[in-house]
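Biologist: Could you walk me through this one while I have it open? I'd like to go piece by piece.

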Amino acid sequence: MAGKLREPLRDLAECSLPAALEAMGERWSFLILRAAFNGLHHFEEYQSELGIARNILANRLSRLVKHGILKRDALPEDRRKIVYRLTEKGEALLPTMLALRQWGERWETGMPATPVLVDNRDKRAIRPITVTAWDGRPLSKSELHWALPQDVVQDV
């Protein structure tokens with residue numbers, strides 16, 4: 001990524017990274033999202049499993065719903081009970097969550113997390129999340145650079 005062109009670092013309004021961080025917020029939002037990926041759906045489940053204060057949880061759930069990451073629905077059999085479910089937009093965060101988990105295992109805790117995420121068919125651990133080329137080759141930082149849209153080779 002050492003080419004002459006680079007992202008406009010001062011233009012935060014046009015950058016997708018600050019927008020993504022604004023949607024996700026901070027630590028609690030990531031932990032709520034992790035819990036949602038692990039099958040939690042109810043306010044009480046999130047609070048008991050995460051040990052998060054009710055006001056913070058309510059705020060973070062509201063933010064995730066506002067940004068379309070979670071969907072909030074009342075149960076038909078009891079309208080007082082609320083269910084939170086991942087949206088398509090929320091499910092699209094799975095590779096990001098897995099990459100952060102793998103990064104933490106390698107650089108922060110130094111050990112693999114338990115349980116291990118495996119694919120349903122083969123029961124084998126998933127591979128590390130990597131940046132790949134159009135043809136599937138893993139790429140390192142030194143093999144990347146920024147390009148203007150008109151300079152990107154398009155598939156035929």
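Predicted model: local features only at pLDDT ≥ 70, side-chain atom pairs only at ≥ 80, totals over all residues.

Biologist: Switching to helix 4, how many residues does it have?

Modeller: Helix 4 covers residues 54-66, which is 13 residues, and from its first C-alpha to its last it reaches 18 Å, close to the 18 Å expected at 1.5 Å a residue. Just after helix 4 comes Gly68, which takes a positive phi of about 75 degrees.

Biologist: Which residues of helix 4 are buried?

Modeller: The buried residues of helix 4 are Leu57, Arg60, Leu61 and Leu64. Seen down the axis of helix 4, these buried residues fall within an arc of 100 degrees, so they line one face of the helix. On the other side of helix 4, Asn55 and Lys66 are exposed.

Biologist: What do the buried residues of helix 4 pack against?

Modeller: They pack against helix 1 (16-24), helix 2 (27-37) and helix 3 (43-50), and also against strand 1 (70-75) and strand 2 (78-86).

Biologist: Then the core: in the largest nonpolar core, which residues touch the most other members?

Modeller: That core has 22 residues, and those touching the most other members are Ile32, Tyr46, Leu50, Leu57, Leu61, Ile69 and Leu70. At least two residues of this core come from each of helix 1, helix 2, helix 3, helix 4 and strand 2, while the largest share, six residues, comes from helix 2.

Biologist: What does Ile69 touch?

Modeller: Leaving aside residues up to four places away in sequence, Ile69 touches a set of residues including Ala23, Met24, Leu33, Leu64, Leu86 and Leu93.

Biologist: Last topic, Lys141: buried or exposed?

Modeller: Lys141 has a relative accessibility of 61%, and because exposed means over 50%, Lys141 counts as exposed. Lys141 sits in the segment after helix 6 (94-109), and its C-alpha atom is separated by 9.0 Å from that of Val131, 10 residues apart along the chain.

Technical notes. Residues numbered from 1 in each chain as written. Heavy atoms only, no water. Helix = DSSP H or I, 4+ residues; strand = E, 2+ residues; numbered from the N terminus. Expected span 1.5 Å × (residues − 1). Buried < 20%, exposed > 50% of the residue type's maximum accessible area, 1.4 Å probe, protein only. Arc of directions from axis to C-beta. Contact = heavy atoms within 4.5 Å. Core = buried A, V, L, I, M, F, W, Y, C linked by side-chain atoms within 4.5 Å.
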